[in-house]
Amino acid sequence: MQVEKQTVLSGIRLNLNAEVGGFALRAELDLPATGITAIFGHSGSGKTTLLRCIAGLQSAKGELSVRGQSWQSGRGSLPVHKRPLAYVFQEASLFPHLSVRKNLEYGYSRIGESERRIGFDEAVEWLGLSALLERMPGKLSGGERQRVAIARALLTSPEVLLMDEPLSALDYRSKQEILPYLERLHQKLSIPVLYVTHSADEVARLADYLVVMEKGGVVAAGELKDTLAQLDQPVRLNDEMGVVLESVVVERDSHWQLALARFDGEYGLWVPDQGIEVGSAVRLRVLASDVSLARQRYEDQSTQNLLPAVVLEFTEDQAPGVMLVRLQVGDTAFLSKITARSLAHLQLQRGSEVWLQVKSVAVIE
Amino acid sequence: MEFDWQPVWLTLKLAGLTTLILMIVGTPIAWWLARTKHWLKQPIASVVALPLVLPPTVLGFYLLLLLGPQGPVGQMTQALGLGTLPFTFAGLVVASVFYSLPFVVQPLQNAFDALGDRMLEVAATLRASPWDRFVTVVVPLARPGFLTAAVLSFAHTVGEFGVVLMIGGNIPGETKVLSVAIYDHVETLEYEQAHILAGGMILFSFVVLMALYLLNGRMSRDVRG
């Protein structure tokens, strides 16, 4: 049956067109039912407009269904307050006349008891708010306010969580304070999270799935690691190409302050030891410009990050004389930025076996 | 000499009733003016503001014609068996509602404008229906606006004279309100009576306005935290 198939396969299915003051949005997407989908783009790319259309805060033409439930079709559109969603705005936007507790209760009390999947005390504990409950929003710091806003949103037990640059209005310290909570959403929530951002760090750190927007349209969408490694529609985060990989810390070398991060079971990379315990999952970001290639493995390179790789494809970079190479190590794709001369010198072709040397790795989780 | 309290009570009754009606009628008008982008917004805002600039006698004159036995509204009230409104208390209420309308609509519209969209959007994403949003978000956040509107409408109705004279006349117990009573006392050289009423008015108005400013000051402090 069509409906059931949709429920199983898809979290959010949409085909929306909107016009807002001369700006046109056109988006057709099929997004996963769990995990964090980052909607990435520069300001004016339409990412916030897309989120507002999904919430119903902005009127759009087209179709939208969430977890098999139609929210908008040719026949009509659910008003915002009837959509089982939660929305975290860029500014916390707490009700200034209500205490933290009353703010949290606002949405919580408006859903039926049988629909409550997240308990009041549970949300308070997750976001560390128990000491703040009786305070007024005016007396909270920026980070505290945003934590309250996230808890308030979650307390409606939504089917989907929409977040519009929830960190961009915060200073560095408040960001660091909130990020761990957002990471935990991964594990705690079985609902899709759409996370609008223009920050490459947040994408690398939080996203499972990536949608890249430009000039009101979707230019790339897919699993984060696939999207970042694609060459036909290169995705640049902060103008840098690179891949993100999931790994596990298996060893720590306190003498050299390094940690060994293992991915795909058998491959390891030495990364800066940031005090992450053995057995913890970490995300690594490897920029294409930090990956060089060699035909042979030299003995003196044994202490460095060398991985056996196979060349998948290559293409010209934006800069003249520079080539982008996509390689495979185990199940993981890497990108390397080398000069056209090196490429010729190494006589690389599709399927060539090479040694991939990683000069620098950023640990992002 | 016995002091005649009747005009005082009549005035309070008139002002109270007018304020009540105006809060009910003025709130939707102010809400519409604050939210709409309709081309009729400016024309309607101008009509609402007319009593601010017109002499009360102009308003009273046309209301008299409108509500009188030959006027369209007068014909209608007669057909309904209600008689005519001029020179009755009900007529005074109708006139006062028109006369004080801008004093309710403008502070409310300013308060609604200042509210912006964000809080309403937040409430909507937290499952509040439009009416729910109005009651739980707009009313508390626009409370200083509501308070200002109510006080101004009450005080302005207490102070009206021209419209009352045109449409209500000077019937004791029916249309003889404070301002008219003071005028009467002065005309008949009863300065002592006039002093009591006029001085009382000054005191009353001062106390009311002072209370309003104090309350609004405290409320905006509360919200800012």
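What follows is a set of questions on terms and the values behind them.

Modeller: This is a predicted model, where local features need pLDDT of at least 70, side-chain atom pairs count only at pLDDT 80 or more, and totals for chains, interfaces and linings use all residues. Residues are numbered from 1 along each chain as its sequence is written, chains are lettered from A and ligands numbered from 1 in the order in which they are written, and side-chain values use heavy atoms, with hydrogens and water left out.

Biologist: What makes the pair of A:Y87 and A:F89 tilted?

Modeller: Rings of Phe, Tyr and Trp (its six-membered ring) pair if their centres lie within 6.5 Å; planes under 30 degrees apart count as stacked, over 60 as edge-to-face and the rest as tilted. The structure holds 13 aromatic pairs over all chains. In the pair of A:Y87 and A:F89 the centres are 4.4 Å apart and the planes stand at 35 degrees, so this pair is tilted. Both A:Y87 and A:F89 are buried (under 20% relative accessible area, with exposed over 50% and partly exposed in between, for a 1.4 Å probe and protein chains only).

Biologist: Why is the pair of B:F112 and B:F134 called edge-to-face?

Modeller: The planes of B:F112 and B:F134 make 65 degrees, and the centres are 6.2 Å apart. B:F112 lies in helix α5 (residues 89-115) of chain B and B:F134 in helix α7 (residues 130-141) of chain B, so the pair ties together parts that are 22 residues apart in sequence. Helices (H or I, at least four residues) and strands (E, at least two) are DSSP runs, numbered from the N terminus.

Biologist: Why are α5(A) and α6(A) called roughly parallel?

Modeller: Axes are lines fitted to C-alpha atoms, for helices over the stretch in contact, and angles run from 0 to 180 degrees between N-to-C directions. Angles under 35 degrees count as roughly parallel, over 145 as roughly antiparallel, 65 to 115 as roughly perpendicular and the rest as oblique. Helix α5 (residues 142-154) and helix α6 (residues 172-188) of chain A pack at about 20 degrees, with their axes 9 Å apart. The two helices α5(A) and α6(A) are therefore roughly parallel.

Biologist: What makes β14 and β21 of chain A edge strands?

Modeller: Two strands pair if DSSP finds at least two bridges between them. The open sheet has the order β14-β13-β12-β15-β21 in chain A, with antiparallel pairing. Its edge strands, β14 (267-272) and β21 (362-363), each pair on one side only. Two bridges join β15 (residues 281-287) to β21(A), and A:R285 stands opposite A:A362.

Biologist: Why does A:S157 count as buried?

Modeller: A:S157 has 4% relative accessibility, so it counts as buried. This residue is in the loop between α5 and β8 (160-164) of chain A, and its phi is near 45 degrees, a positive value in a residue other than glycine. Most residues other than glycine have a negative phi. B:R127 also has a positive phi, near 75 degrees, and at 12% relative accessibility B:R127 counts as buried.
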